[in-house]
Amino acid sequence: MGPTVQLFIERIATIERAGRQLLFKTKFLQPLASPFCECSRSFQLGWQSRVLIYGLQSLLVCLPCAVSVALVPRSVRAESIVFKSLLEGGDNLLERHDYVGAEKSYRAALAQLAPGEPTSPRTLAKEIPLSEDGRLRHLVGKKLSRSLSLQGKFQEARQTLEAALKELPAPTALDEQELARAYRLEGQLSESALNYRKSIADFKKTFPVSGKEANLLSLPYADKVKLSTSLLGLASVLQDMGRYEECEQSLKENLALFEAADKTGSSEQSLSLAQALEGLAALSARQGKFVEAEALFNKALALKTESGVQGPELCTVLLPLSRLYFNEEKMEQGEATLKRALTLCEGAGSQERAVFLPEILTGLAEHYLATGNFAAAKKPATTLLSLTEKLPGKQPRQAEAEALLAEVNCNLKDFEAAISGYKRAIAVEEAIYGTEGLAVARYLNELGLVYLTLGEYDQARPCYERALKIVEKRLGAEHANVAACLNNLALLELNSGNAALAESLTTRGLRIRRLALGEKHPFVARNLVNLAEVEISLKKIAEAEACLKEALAIQEASLGEEHSETTETMLKLANFYMDEKKLELSRQLLERVLKADRRRYGEESYAVLSDCDLMVKVLGLAGLTREAAPYATLAQELRVKLDGLANTAGKQSLLENMPKPPSGHLASRPVRDKWALVIGVSTFKDSTINLKYAAKDATDFRNYLVNDAGFKSDHVRLLTNQAASRENIVAALGDGWLRHKAHKDDLVVIFISSHGSAAKKEVSNANFILPYESNLNNVVLTGIPMQWFTVGVKEMLHADRVLLVLDVCHGGAVVNSGDKAVGRAPAREVDVRHVPIGEGQLVLASSLAGQLSWESSSYQNSVFTHRLIESLKSRGRGTGIKQAFASMKDKVEDEVLRERGQLQTPVLMDSSWRGGDLALACPVTSDVKLEPSPGRSVPPRGGVKGSSGKKH
């Protein structure tokens, strides 16, 4: 290139800058500035040609100004070219989703404008006004803020935006709107709401006024959209803050912007009206007004469809509508709506897919989780995580994907993966928001539930407590989310045996939900049901009844009689009245449950069969044999139709068929001391056979023994998961502990919650219980024979009172199911009633031969262990094993039949037990203080530790 051409280009560059300044400075020429700023979109195509072309454009528009600065020094002219290329290079990188590269480019552009730089345009005070330099810093600062936000650097993005806004005398309404979004992303809800309110006030200042009120009808549509964006943003923030009345006010104000104008038939107005309806529908759904929300969503969907919207834009309605259907338990409609959204998304462009596909995958995974199809849930959850891993930096969507997959893994009983996933989600959120982000609290609560499921209460407690502190600090002590944290802690304390503390926490949560959500919200009803269970454990019968009755009234009004939560509460109240001998009230409720279940599940269903069994029991207790006959006949017919259940042991009372106990009794012999070995295995070395609640079952039974039955804490040894190895179990029963601790007059309790195997012909039809390291390919070598716990324990221990509680089952072929069996082949099974029992032993088993022992789908325990502990507590410390068995047996059968469509019949074997019923809470003589004889001192008791009876 010759020197003449070079000089010309340099002069043109100077002209370009002068024209650029004038375009930004002169108000009436600002429409020309936008295309001018796009001039370097393809800088790599040849900078000389572009400078010449755009310089000439500037010359034609702004020739007088351009000529006046044609001889500016060369260093400053070069700076102008560098600044422009950096700015627009950043724009290119942003469009290509290279957010890190865009950030670097924008920072370099800002550096060109930094005060004090010798080559900075700021040094040209005469030619370039300072306000123009500030305008450029404002422009670049906003672009830089956006690139930071897209990387998940929300705090830095907000700070950068604030610095950019300070360059102007006063931020515009749009700037305040943008700042409000930045605060929202950072999790600072109060500041976000404040800035949204400022932007709304500034927008309204420009409205045409008719009388005392702004004339919304005469407001241009473009201005309505700007105001609507702030109103919807404010509503969203207020909803997250739990300020629903203010949220509704903002949404209705937004609706008013477009509702009257919609009569004009404008498609733009119709689409904006649809968006306004979506906002109100979402609020109604959150408030539990499902019918109202569904009507609003469908109206919004119709408006969009009539306006010609056919693509993925419909997903903004379809996605929340699908969630609403799931809440209403319209599962088929919800799934169909989600799949419609997925079809629309698959035919869209990459940018639209990036917006909607993650939401669709989340909805599908949550749907499959809710319906118990955990294997199906894993595919969309895994796909979602792989999508988010491609996002730059740390993003909230990555944490959400990690947590969703962790929830799936927990339900698939891959607890190690679940814990790791939640910890990664927490780490991502902490990197974005710091240690006190609201999403951090959410994932802490979910991680705590995994630990609770495993019975690791010492790990769950700090998670729940930290989550509570975060939510209280960020949202205030009266926010509805505080109630959720309190309920989690209450469940933990109730399972730990601290019922009084659980009552206090649940009561506080109920008060908060009443204030935050209103008296008639379904969440208030859930809280009342939780409180009723706590009150029952505290023997506060009147209070429990009042809670259940109020909960039922709320659910009938808000959810309807056929909703599962409503019928579940009816059933709880009916069983409550049955236990309290209020049989007519129980009968009335059961009739309503039966009617609802017939409509919901059909005449030939396990739920109806369970209802009939309960009716027979209630009417029988009331002496109404004739009234019970039709229900008994129907139940028998259903048993024949539903998988031949009539041929199983079913409802037959096993106690009637037990061998008569030997003559004589031990009632006059007091118990010297009490010992217990409690075993539960949820996580096995072979993770494909993990159970969900076995370790928690063991932990809860241990807590019952210590907190309610008077066992000294150091007299109860708990072995869970990896600690429950074959070696540790045998050692604890033998020379390592019980063999040398338990005396003849002592009571020994052995509790086992794990898998049980089928009978093995190669070892005389022995059944096996699986310890931690069991290998399903060789159960004989790795398992512990069940008979060893009966005959073997009697020979090993000196104690003549032994209670063996087996929450296992005795299936055949290996399957990965949600129960405690490793199979379902009944042909080779051994009936546990025929297992030899040593003298002075009671064996309480969770199921008969040919049956599985099921874990609950509605609470964190097996059905058997939950009902056993409940029954042992029901009549106080004097409750005997036979008494508890009689109380819990039917409840286990009915609950499993209703939930699983299977029979599970607990069995008590007492053929060698002599004497009265065994009460686990019986006193022990080792705690009795002896009065010394005259002239003699009492020697210290030997061999007894922990006599202080302290609990932990």
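These legends go with a set of close-up views of one predicted model.

**Figure 1. The whole chain, before zooming in.** Of the 952 residues, 52% are buried. Count the contacts with a separation of 6 or more, and 67% of them link residues 24 or more positions apart. The protein's exposed surface comes to about 41,800 Å², with 54% of that supplied by carbon and sulfur atoms.

**Figure 2. Helices α16 and α18 side by side.** This view picks out α16, residues 350-370, and α18, residues 396-411. Their axes come within 11 Å and cross at roughly 20 degrees. Angles under 35 degrees count as roughly parallel, and α16 and α18 are therefore roughly parallel to each other. The crossing of α16 past α18 is left-handed. On the α16 side, the contact uses Pro358, Glu359, Thr362, Ala365, Glu366 and Leu369, while α18 brings Arg397, Leu404, Glu407, Val408 and Asn411.

Figure 3. Is Lys413 buried or exposed? With the cut-off for buried at under 20% relative accessible area, Lys413 counts as buried because its relative accessibility is 7%.

**Figure 4. α19 packing against α20.** Move on to α19 (residues 415-433) and α20 (residues 438-453), whose axes are 9 Å apart at an angle of about 165 degrees. Anything over 145 degrees counts as roughly antiparallel, so α19 and α20 are roughly antiparallel to each other. α19 makes a left-handed crossing as it passes α20. From α19, the residues in contact are Phe415, Ile419, Tyr422, Lys423, Ala425, Ile426, Glu429 and Glu430. They meet Ala439, Val440, Tyr443, Leu444, Glu446, Leu447, Val450, Tyr451 and Thr453 of α20. Sort the residues of this α19 and α20 contact by type and you get twelve nonpolar, one polar and four charged.

**Figure 5. α20 again, this time with α21.** Which residues does α20 use to touch α21? First, the geometry: the axes of α20 and α21 (residues 457-475) come within 8 Å and cross at roughly 160 degrees. α20 and α21 are therefore roughly antiparallel to each other, and α20 passes α21 in a left-handed crossing. The α20 residues in the contact are Leu438, Val440, Ala441, Leu444, Asn445, Leu447, Gly448, Leu449, Tyr451 and Leu452. Across from them, α21 contributes Tyr457, Gln459, Ala460, Cys463, Tyr464, Arg466, Ala467, Ile470, Val471, Arg474 and Leu475. The tally for the contact of α20 with α21 is 16 nonpolar, three polar and two charged.

**Figure 6. Ala551 inside helix α25.** Ala551 belongs to α25, which covers residues 541-558. At a relative accessible area of 0%, Ala551 is buried. What does Ala551 touch, leaving aside its neighbours within four places in sequence? Its contacts are Ala525, Leu528, Val529 and Thr569. Phe523 is 28 residues away along the chain, and its C-alpha atom is 9.5 Å from that of Ala551.

**Figure 7. Lys581, between α26 and α27.** The loop in this view runs between α26 (564-579) and α27 (583-601), and Lys581 is found in it. Although not a glycine, Lys581 has a positive phi of about 65 degrees. Lys581 has a relative accessible area of 59% and is exposed.

Figure 8. Look for Arg669 in the loop between α29 (625-641) and β3 (674-680). Its relative accessibility is 27%, so Arg669 counts as partly exposed. Not counting residues up to four places away in sequence, Arg669 touches Lys744, Asp745, Asp800 and Arg801. Gly915 lies 246 residues from Arg669 along the chain, yet their C-alpha atoms are separated by 9.4 Å.

Note on methods: Residues are numbered from 1 along each chain as its sequence is written. This is a predicted model: local features need pLDDT of at least 70, side-chain atom pairs count only at pLDDT 80 or more; totals for chains, interfaces and linings use all residues. Side-chain values use heavy atoms; hydrogens and water are left out. Axes are lines fitted to C-alpha atoms, for helices over the stretch in contact, and angles run from 0 to 180 degrees between N-to-C directions. Helices (H or I, at least four residues) and strands (E, at least two) are DSSP runs, numbered from the N terminus. Angles under 35 degrees count as roughly parallel, over 145 as roughly antiparallel, 65 to 115 as roughly perpendicular and the rest as oblique. A crossing is left-handed if the near helix is turned anticlockwise from the far one by less than a right angle, and right-handed if clockwise. Contact means heavy atoms within 4.5 Å. Buried means under 20% relative accessible area, exposed over 50%, partly exposed in between (1.4 Å probe, protein chains only). Accessible areas come from the Shrake-Rupley method with a 1.4 Å probe; for residues, only the protein chains shown count as cover. Ala, Val, Leu, Ile, Met, Phe, Trp, Tyr, Cys and Pro count as nonpolar, Asp, Glu, Lys and Arg as charged, and the others, Gly among them, as polar.
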